Amino acid sequence: MGIALSNSDKDDNEEEIENLTDDKDEVTSPIIEEYSQERIDDSVDGLNVDEPINEEESQGVTDVKVQNKNGDIDNFRYGIEGSTIYLEEYIADADYVELKTTYTVDGIEYLTDISEFNSRGSYTKLIIDEGFTEVSTGIFNGSYVYKVFFPKSMTNVYDYTLAYMHNGEKNKIYYAGTKEEWLNIFTRYKRKKVSDTEFGEEWGQAVADKLNEMIGVEYDSSNFEYFFSASPDDLK
């Protein structure tokens with residue numbers, strides 16, 4: 001597996017990639033280049049267009065492993081700060097896990113932050129509820145997830161994020177919007193040179209990107225199948 005990454009800023013430049021085929025007769029693999037990011041605006045292979053699937057101070061971190069509901073807060077490792085609950089990972093056994101935009105702890109409702117959430121665990125399906133706009137680049141680093149639901153509210157999904165989904169299964173991406181809307185948010189990730197960054201978070205990300213490049217973490221469109229106008233129920 002690779003090393004968890006964080007999102008980098010988008011570049012304004014756009015570049016066409018190989019032709020999109022709805023019947024999946026032809027496979028293309030976009031090449032991840034360096035130093036910038038560009039919108040993947042013209043092609044994602046494996047797209048299945050014709051088959052839509054019908055207030056107190058911080059309370060610290062919980063690490064109690066509980067069997068039960070697929071999105072129950074007691075089954076997560078999390079932290080609380082102010083009015084926000086920060087999900088880190090799911091720690092119970094489940095077939096699927098659902099990330100909700102709010103959780104209630106001790107009678108207090110908190111807004112959910114999944115910017116550092118990692119989908120490590122035994123589950124193979126992940127549902128991201130409507131309202132979330134982005135996920136960590138390394139959300140699938142070390143996970144067994146091969147089916148994921150993205151809400152229409154998403155504003156960006158990196159091809160590099162999906163590249164971590166390489167556990168031997170044919171990965172299935174379910175998106176609430178249309179094919180055209182997906183192509184507007186599906187973004188090619190471009191790494192920065194280590195020598196061009198200063199020591200700190202940006203430097204650490206550049207190092208991680210370089211290591212991942214060396215071990216071959218790269219998006220391969222032939223490993224994915226896409227479903228549009230999908231619903232979270234398609235994964236339940």
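Colleague: What makes Asp233 and Lys236 a salt bridge?

Modeller: This is a predicted model, and in it the closest N and O atoms of Asp233 and Lys236 are 4.0 Å apart. The cut-off is a Lys or Arg side-chain nitrogen within 4 Å of an Asp or Glu carboxyl oxygen, so the pair is called a salt bridge.

Colleague: Why is Asp233 called exposed, and why is Lys236 called partly exposed?

Modeller: Exposed means over 50% relative accessible area. Asp233 has 54%, so Asp233 is exposed. Lys236 has 48%, which falls between the 20% and 50% limits, so Lys236 is partly exposed.

Colleague: Which other salt bridge does Lys236 make, this time with Glu98?

Modeller: The side chains of Glu98 and Lys236 meet at 3.5 Å, N to O. Glu98 is in strand E6 (residues 96–99) and Lys236 in the segment after strand E14 (224–227), so this pair ties together parts that are 138 residues apart in sequence.

Colleague: How do you know whether Glu98 is buried or exposed?

Modeller: Its relative accessible area is 12%. Buried means under 20%, so Glu98 counts as buried.

Colleague: What can you tell me about Arg120 and Glu89?

Modeller: They form a salt bridge too, with the closest N and O atoms 3.6 Å apart. Arg120 sits in the loop between E8 and strand E9 (125–128), while Glu89 belongs to strand E5 (residues 84–90), 31 residues apart. Arg120 has 38% relative accessibility, so Arg120 is partly exposed. Glu89 has 16%, under the 20% limit, so Glu89 is buried.

Colleague: How many salt bridges turn up in the whole structure?

Modeller: A search finds seven.

Colleague: Happy with that! What makes E7 and E8 count as paired strands?

Modeller: Pairing needs at least two bridges. E7 and strand E8 (residues 108–113) have four, in the antiparallel sense, so they qualify.

Colleague: Which side chains of E7 are buried?

Modeller: Tyr103 and Val105, which point to one face.

Colleague: Lastly, which residues have the most contacts inside the largest nonpolar core?

Modeller: That core has 45 residues, and those with the most contacts inside it are Phe76, Leu99, Leu126, Phe140, Phe150, Leu162 and Trp182. A second, separate core of seven residues includes Tyr96, Ile127, Tyr174 and Leu235.

Definitions and conventions
Residues numbered from 1 in each chain as written. Predicted model: local features only at pLDDT ≥ 70, side-chain atom pairs only at ≥ 80, totals over all residues. Heavy atoms only, no water. Buried < 20%, exposed > 50% of the residue type's maximum accessible area, 1.4 Å probe, protein only. Helix = DSSP H or I, 4+ residues; strand = E, 2+ residues; numbered from the N terminus. Core = buried A, V, L, I, M, F, W, Y, C linked by side-chain atoms within 4.5 Å.
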